[in-house]
Amino acid sequence: MKQVVLFLLFSISVFSQKTTLPFDSNKLGSREITIGLPPSYEKNPNKRYPILILLDGDYLFDPFYGALNYGAYWDDLPETIVVGINQNKKDERVDDSNYDAADGVPSGKGADFFEFIGGELLPYLEKKYRTAPFRIIAGHDTTAGFLNFFLYKDAPLFNAYISLSPELAPEMENRIPEKLSNTKQAIFYYQSTGDGDVKQLQEPIKSLDQNMKLVTNPLVNYKFDNFKGASHYSLVLYSIPNALYQFFDSYKPISSTEYADKIAILQAGYVDYLTNKYDVMSKNLGLKIPIRINDFKAIEAAILKNKAYQELDKLSDIAKKNYPKSMLANYELGLMYEKMGDAKKAAKLYQSASQLEEIGSLTKDMMYQKYDDMKSLTPKK
């Protein structure tokens with residue numbers, strides 16, 4: 001196990017791409033950003049990736065980047081472009097987060113920083129890199145409070161918000177729930193604190209949580225964590241995986257628990273469950289990926305378990321759309337005829353499958369064996 005972990009860490013460090021560079025801004029002058037591209041970015045020229053903007057990128061970049069790459073290695077999280085805005089060399093974060101105390105909205109350099117993110121940085125990144133239409137922003141204390149200003153817009157720039165021990169502006173604990181109650185777009189929102197957090201921050205954070213619990217808008221996906229024993233700084237490491245797995249829950253492949261609790265117990269509609277799972281991912285995250293082979297096999301297993309063999313026909317159709325050059329579609333259709341007792345048709349399909357590309361655990365030798373098995377059951381003329 002130790003060797004596996006070491007190999008994993010080595011693989012992530014070798015193939016990930018992290019670059020720190022200056023960014024010339026009309027609003028702010030020269031600023032420093034750090035960009036982390038996913039390991040597969042160069043190898044997949046047609047693939048698009050969610051984008052995560054990190055305020056306080058100086059110290060938030062590495063923990064977020066590591067968590068995302070780890071989750072992506074196991075295919076629990078999508079590979080993501082991570083962009084950190086460095087704000088701590090000259091304590092720029094204070095001016096960047098400036099707001100008017102009277103009306104509680106960005107002002108002065110804070111207004112410039114707000115416009116820099118939406119009007120300069122995001123357009124640059126989306127022109128230069130292959131981004132999917134799913135944007136996340138994250139920050140800590142002062143910058144966590146600031147990122148909430150993007151929710152004040154009628155059409156928020158970001159789909160998901162990670163607010164770690166936020167220092168909330170005046171009335172923010174009331175304005176955010178009010179805005180989210182009326183939003184017309186799906187919003188993911190995560191905030192956290194800990195019982196060892198800065199005391200003056202905890203009351204408005206908990207007040208915001210209480211008000212968020214009254215929001216009934218189905219478009220809002222909200223989670224709050226109050227970590228026992230966590231300090232103002234350690235809560236960040238507790239929060240990052242919780243937030244990411246909240247946002248990307250619909251991305252995860254079918255697990256053994258999902259199979260047992262949601263799929264195997266169905267009376268019908270196994271293939272519909274599969275297609276709906278990927279439709280939800282596309283709708284929520286703007287990600288379109290081929291249906292995973294293991295997810296095909298999970299649905300196949302449920303169909304066989306419940307003897308709903310005719311659904312293998314629909315599963316074959318989906319396989320043909322996702323993997324047109326592979327043997328998967330013919331295999332599923334051959335399996336249907338095999339289970340329904342038509343060995344002749346099954347043999348023909350297994351034979352044709354053997355001439356197509358192997359995929360997952362399906363091999364040419366396996367198809368030859370299935371063909372021979374079916375031929376032995378076919379009555380001789």
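Author: The strand to begin with is β3, which is mostly covered: six of its six residues are buried. The model is a predicted one, and everything below should be read with that in mind.

With β5, the pairing is parallel and runs over five bridges. With β4, the pairing is also in the parallel sense, here over four bridges. One residue shows both pairings at once. Ile53 stands opposite Ile137 in β5, and in β4 the bridge partner of Ile53 is Val83.

These strands belong to an open sheet of eight strands, in the order β1-β2-β4-β3-β5-β6-β7-β8, with mixed pairing. Reading along that order, β3 sits between β4 and β5. The edge strands are β1 (17-25) and β8 (220-231), each of which pairs on one side only. From one strand to the next, the twist averages 20 degrees.

A helix also lies against this sheet. Helix α4 (residues 109-128) packs on it and touches β1, β2 (29-37), β3 (49-54), β4 (81-85) and β5 (131-140). The strand you asked about is therefore among those that α4 touches. The direction of α4 makes about 125 degrees with that of β1.

At the β8 end of the sheet, strand β7 (residues 187-196) is joined to β8 by nine bridges, and the two run parallel. In this pair, Thr193 stands opposite Asn226 in β8.

Asn26 lies in the loop between β1 and β2. With a relative accessibility of 76%, Asn26 counts as exposed, because the cut-off for that class is over 50%. Asn26 and Glu120 are 94 residues apart in sequence, but their C-alpha atoms are 8.3 Å apart in space.

Asp91, in the loop between β4 and α3 (92-96), has a positive phi of about 55 degrees although it is not a glycine. Glu171, in the loop between β6 (160-164) and α6 (172-181), has a phi near 70 degrees, again a positive value in a residue other than glycine. Asp91 is partly exposed, with a relative accessible area of 42%. Glu171 is partly exposed as well, at 44%.

In soluble globular proteins, nonpolar side chains tend to be buried together. Here the largest nonpolar core has 68 residues, and those with the most contacts inside it are Phe64, Ile162, Phe248, Phe296 and Ile299. Helix α10 (residues 270-285) gives the most to this core, with seven residues. A second, separate core of 40 residues includes Phe116, Phe146, Met212 and Val215.

Leaving out residues up to four places away in sequence, Phe296 touches Leu274, Ile291, Leu315, Ile318, Ala319, Asn322, Tyr323 and Leu328. Among these, Leu315 and Ala319 belong to α12 and Leu328 to α13, and these residues also take part in the contact between the two helices.

The axes of helix α12 (residues 311-322) and helix α13 (residues 328-339) come within 8 Å and cross at roughly 175 degrees. That makes α12 roughly antiparallel to α13, since an angle over 145 degrees counts as such. On the α12 side, the contact is made by Leu312, Asp313, Leu315, Ser316, Ala319 and Lys320; on the α13 side, by Leu328, Ala329, Glu332, Leu333, Leu335 and Met336. By class, this contact has eight nonpolar, one polar and three charged residues.

Finally, the whole protein gives the setting for the strand. Its secondary structure comes to 15 helices and eight strands. The C-alpha atoms fill a box of roughly 90 × 45 × 40 Å, taken along the principal axes. Of the 381 residues, 50% count as buried, and the six residues of β3 are buried too. Among contacts between residues at least 6 apart in sequence, 72% join residues at least 24 apart.

Conventions
Residues numbered from 1 in each chain as written. Predicted model: local features only at pLDDT ≥ 70, side-chain atom pairs only at ≥ 80, totals over all residues. Heavy atoms only, no water. Axes fitted to C-alpha atoms, helices over the stretch in contact; angles between N-to-C directions. Parallel < 35°, antiparallel > 145°, perpendicular 65-115°, else oblique. Contact = heavy atoms within 4.5 Å. Nonpolar A, V, L, I, M, F, W, Y, C, P; charged D, E, K, R; others polar. Pairing = 2+ DSSP bridges. Core = buried A, V, L, I, M, F, W, Y, C linked by side-chain atoms within 4.5 Å. Buried < 20%, exposed > 50% of the residue type's maximum accessible area, 1.4 Å probe, protein only.
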